[in-house]
Amino acid sequence: MSFFQSLHLNTNNSRTTRTFKPSTASSPPAHLLRQYADTTLGAGSLAQAVKLPEGEDLAEWLAVHTVDFYNQVNMLYSTITSFCSPASCPRMTATDEYEYLWQNAASEKFRKPTRVSAPEYIEHLVSWVQAQLDDEAVFPHRLGAPFPKNFVSSVVPQILKRLFRVYAHIYCHHFDQISELGLQPHLNTSLKHFVLFSKEFGVVDQKEFAPLDELIQILLDDKS
């Protein structure tokens with residue numbers, strides 16, 4: 001499977017399998033990331049692209065996009081990991097006004113919100129999302145298999161809320177590096193795609209966007 005392929009859907013007539021497969025490779029070359037942006041996000045109206053196609057299952061649509069955004073965030077962050085270290089980013093923040101603490105009820109160490117460095121937070125986040133994608137009870141791999149009852153109301157919103165924090169950290173603390181790599185257009189398009197999708201289905205609370213409110217408004221005012 002190509003590194004940039006966020007998932008594979010069996011397209012034969014039986015459509016009996018569904019495989020959600022996030023990318024696991026690290027540090028894609030910047031030129032490949034730009035090429036990916038051009039081919040996947042650069043054409044057409046994002047506002048139209050996020051809408052649920054007629055006859056499509058909502059949970060399935062949310063699942064596909066959750067994997068896609070997970071991969072996009074992974075790819076974007078992988079380009080600036082050398083600039084994001086416990087020394088440079090000792091806290092997971094978006095400016096000094098917003099700090100994100102890591103919590104995972106399944107972990108003895110993180111049952112309560114805990115301050116960690118930005119790279120540690122993102123490492124925990126990636127592992128936490130990956131575990132859910134690998135769990136067939138959460139992201140069923142067979143077409144026709146039911147999603148959990150709380151998939152739309154809880155699973156997807158929690159994943160996307162936390163993924164947004166990576167966007168916020170990148171913009172607020174690593175935007176210069178992103179610009180130097182020539183990846184600002186893709187970062188902007190990826191965030192716009194994420195926000196439009198989140199607003200279309202109400203899966204991220206508006207208050208979560210506060211660290212990037214001004215930027216998001218500018219992006220949404222651009223009707224492309």
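Visitor: Does Arg 115 count as buried or exposed, and at what relative accessibility?
Guide: This is a predicted model, in which local features need pLDDT of at least 70 and side-chain atom pairs count only at pLDDT 80 or more, while totals for chains, interfaces and linings use all residues. Residues are numbered from 1 along each chain as its sequence is written, and side-chain values use heavy atoms, with hydrogens and water left out. Buried means under 20% relative accessible area, exposed over 50% and partly exposed in between (1.4 Å probe, protein chains only). Arg 115 counts as exposed, its relative accessibility being 55%.

Visitor: Which residue meets Arg 115 in a salt bridge?
Guide: A salt bridge needs a side-chain nitrogen of Lys or Arg within 4 Å of a carboxyl oxygen of Asp or Glu. The N to O value for the Arg 115 pair is 2.7 Å. The two residues are 16 places apart in the chain, with Arg 115 in the loop between β4 and α4 and its partner in strand β4 (residues 98-99). The partner is Glu 99.

Visitor: Why is Glu 99 classed as partly exposed?
Guide: The class runs between the limits for buried and exposed. Glu 99 counts as partly exposed because its relative accessibility is 26%.

Visitor: How many residues apart are Lys 51 and Glu 200?
Guide: The structure holds four salt bridges, and in one of them the closest N and O atoms of Lys 51 and Glu 200 are 3.5 Å apart. Both ends are partly exposed, Lys 51 at 35% and Glu 200 at 36%. Lys 51 lies in the loop between α2 (46-49) and α3, and Glu 200 in helix α6 (residues 184-201). Helices (H or I, at least four residues) and strands (E, at least two) are DSSP runs numbered from the N terminus, and the pair links parts of the chain separated by 149 residues.

Visitor: Which side chain of opposite charge is nearest to Arg 165?
Guide: Arg 165 sits in helix α5 (residues 151-180). It is buried and has no salt bridge.

Visitor: Which side chain is joined to that of Arg 165 by a polar contact?
Guide: A polar contact is a pair of N or O atoms within 3.5 Å; within protein, one must be able to donate a hydrogen and the other to accept it, and residues adjacent in sequence count only if both atoms are side-chain atoms. For Arg 165 the value is 2.8 Å. The side chain at the other end is that of Tyr 121.

Visitor: Which residues is Ala 105 in contact with, leaving aside neighbours within four places in sequence?
Guide: Ala 105 is in the loop between β4 and α4, exposed with a relative accessible area of 64%. Contact means heavy atoms within 4.5 Å. Beyond the excluded neighbours, the contacts of Ala 105 are Phe 110 and Arg 111.

Note on methods: Lys, Arg positive; Asp, Glu negative; His and termini not counted.
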